[in-house]
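Here is a short briefing for a first look at this protein. Keep the structure in view while reading.

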Amino acid sequence: MLRIEASSWSSRSCRIVVAITAATLVYPGGVRGQEPTFQPRCGAGIHADEGTGVILLPQGTLFCPLVADPKAAHTYASYVRGDFATLADAQPGDDTDIGSVGLGDTFGLLRLAASRAGDGLQVDIEGAIFAQFNLDTPSFDLINADYLVGLPVTFRVRGNTARLRVYHQSSHLGDEFLLASQPERVNLSFESIELIVSREAGPARVYAGGENFFRRRPADLAAKLLHGGVEYRPAGGQNRIVAALDIKLVDDDGWQAGWSARAGIEIARIPSPGHPARVLSILGQFYDGPAPYGQFYRDDIRFFGLGLHFSL
C-alpha cells in the first residue's frame, strides 16, 4: 500500500484541515447586518411544535449528516467503478463494478431546546450497516460489511453546531469473497470518541474535528484521525443543488489522506406544514485514498459513481 509520510501531499492536506478548523471556529457567519436565521441544511430539520422546552423522543436532529463522508450513518444505494484490485481479486489497474449500500438512521432520545427555534442540546442513538457487493460476479458477491452503533450528543446555536460521539464499529467479510479469494482475514473492531464542530454561513458549511480510536483490534490499527470538509447548499425551494468535499487524515504509519467528493441535487417533500422534510439526493461521487471499508483499511482505492441517498 502506498504510504504518504512527510510528503508534500500530506503537508498540503494537513494545512487544508487546519485552515478548515480555523474557519470553523472563528468565522462569524451569516449576512453582515442581518440576524442569522435557522434554516435546515438537510432533511433532518426540527418539527415546528418542538421548538422549545424539554422534549422526549424528538423528531429530527440538530447536527446534519456530512454529505460527502463515506461513513455518515444514513440510507443510500450507489454504483461505483474503480480500481478495487484487493477487494475484487482483480488485476491492479483493472476497473471493477461495485454496489455500495448503507442502512442507517439517527433516533432522538432527548432534546433540551433553547428559546431560539432549532437551537439546543440533543442526545441521540444511531446505527448503520455499510456493505459492498462485487457486481462483476454472477451472484453479486458480498465483499465486506461494516456495522456501526453510536451515541451522539449534538449542540446547535445560531448556525454553530457540534457533535460529540462515542461509537463502535466492527467489520466482516462476505462468505463468497472468503471462498473465492481466501484472503488473510483481519478481526477488525474498534471504539472511537469523535468531536466535529460545524459552522453554517449563508449557503456554505465548514466543519472540522477528529477522532481518537481505542480498544483497537488489531493492535496496530491507527489511533488518530483528523477530519474536515466543506459543503455548499443554497437556500431556496424544495429542490436545490448540493456539493461537498470531505477530507480525512489517518495517522497510520504516516499521515494518509482520503478525499471524498459528492455533488448533485436534493429533492425534498414536506409531509405537512412544520414537519421535517423527506429528502432524496441524487449525487455523483469520487473517492481517492485509504479504503473506507473496514477489512481493507490498508489498501488504497480510487473510484467514481452515482448514488441515491435518503433522509427520511
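## Overview

The protein has three helices and 13 strands. The model is predicted. Of its 312 residues, 47% are buried. Among contacts with a separation of 6 or more, 61% join residues 24 or more positions apart. The protein exposes about 14600 Å², and carbon and sulfur atoms supply 62% of that area.

## Cavities

- The count comes to three cavities of 30 Å³ or more.

**The largest cavity**

- The largest cavity holds about 550 Å³ of space.
- It is lined by 30 residues, and the closest to its centre are Phe213, Leu225, Val250, Ala291 and Pro292.
- The lining of the largest cavity divides into 17 nonpolar, five polar and eight charged residues.

**The second largest cavity**

- The second largest cavity has a volume of about 130 Å³.
- Its lining has 16 residues, and Pro70, Arg262, Gln285, Tyr293 and Phe303 are the closest to its centre.
- Strand E2 (75-83), strand E4 (120-134), E11 and E12 each give two or more residues to this lining.
- E12 gives the largest share of the lining of the second largest cavity, with three residues.
- By type, the lining of the second largest cavity has eight nonpolar, five polar and three charged residues.

**Arg156**

- Arg156 lies in strand E5, which covers residues 141-157.
- Its relative accessible area is 4%, so Arg156 is buried.
- The side chain of Arg156 makes a polar contact of 3.1 Å with the side chain of Glu200.

**Ser171**

- Ser171 belongs to strand E6.
- Ser171 is buried because its relative accessible area is 0%.
- A polar contact of 2.5 Å links the side chains of Ser171 and Asp146.
- Neighbours within four places in sequence aside, Ser171 is in contact with Asn144, Ala145, Asp146, Leu188, Gly294 and Gln295.

**Ser100**

- Ser100 sits in strand E3, residues 95-113.
- At 5% relative accessibility, Ser100 is under the 20% cut-off, so Ser100 counts as buried.
- Ser100 and Ala77 are 23 residues apart along the chain, and their C-alpha atoms are separated by 6.0 Å.
- Beyond neighbours within four places in sequence, Ser100 is in contact with Tyr76, Ala77, Ser78, Ala131, Gln132 and Tyr293.
- With Tyr76, the link includes a side-chain polar contact of 3.5 Å.
- Tyr293, a contact of Ser100, is also among the residues closest to the centre of the second largest cavity.

**Asp246**

- Asp246 is part of strand E10.
- Asp246 counts as buried because its relative accessibility is 1%.
- Asp246 and Leu66 are 180 residues apart in sequence, yet their C-alpha atoms are 8.1 Å apart in space.
- Apart from neighbours within four places in sequence, the contacts of Asp246 are Ala68, Asp69, Pro70, Tyr207, His227, Gly228, Gly229, Gly258, Trp259 and Ser260.
- The side chains of Asp246 and Tyr207 make a polar contact of 2.5 Å.

## Backbone details in loops

**The cis peptide bond**

- Where does Pro218 lie? Pro218 is in the loop between E8 and strand E9 (224-232).
- The peptide bond that joins Arg217 and Pro218 is cis, with omega about 5°.

**Positive phi angles**

- Leu57 is not a glycine, but it has a positive phi of about 55°.
- Leu57 is in the loop between strand E1 (53-56) and E2.
- Is Leu57 buried or partly exposed? At 47% relative accessibility, Leu57 counts as partly exposed.
- Phe140 is not a glycine either, and has a positive phi of about 50°.
- The loop between E4 and E5 holds Phe140.
- Phe140 has a relative accessible area of 46%, so it is partly exposed.

Technical notes: Residues numbered from 1 in each chain as written. Predicted model: local features only at pLDDT ≥ 70, side-chain atom pairs only at ≥ 80, totals over all residues. Heavy atoms only, no water. 1 Å grid on protein atoms, 1.4 Å probe; cavity = no way out; pocket = protein on both sides within 12 Å on 5 of 7 lines; lining within 4 Å. Points joined across faces, edges and corners; volume = space filled by probe spheres on them. Nonpolar A, V, L, I, M, F, W, Y, C, P; charged D, E, K, R; others polar. Helix = DSSP H or I, 4+ residues; strand = E, 2+ residues; numbered from the N terminus. Buried < 20%, exposed > 50% of the residue type's maximum accessible area, 1.4 Å probe, protein only. Polar contact = N/O pair within 3.5 Å; in protein donor to acceptor, adjacent residues only side chain to side chain. Contact = heavy atoms within 4.5 Å. Areas by Shrake-Rupley, 256 points an atom, 1.4 Å probe, with all protein chains shown as cover.
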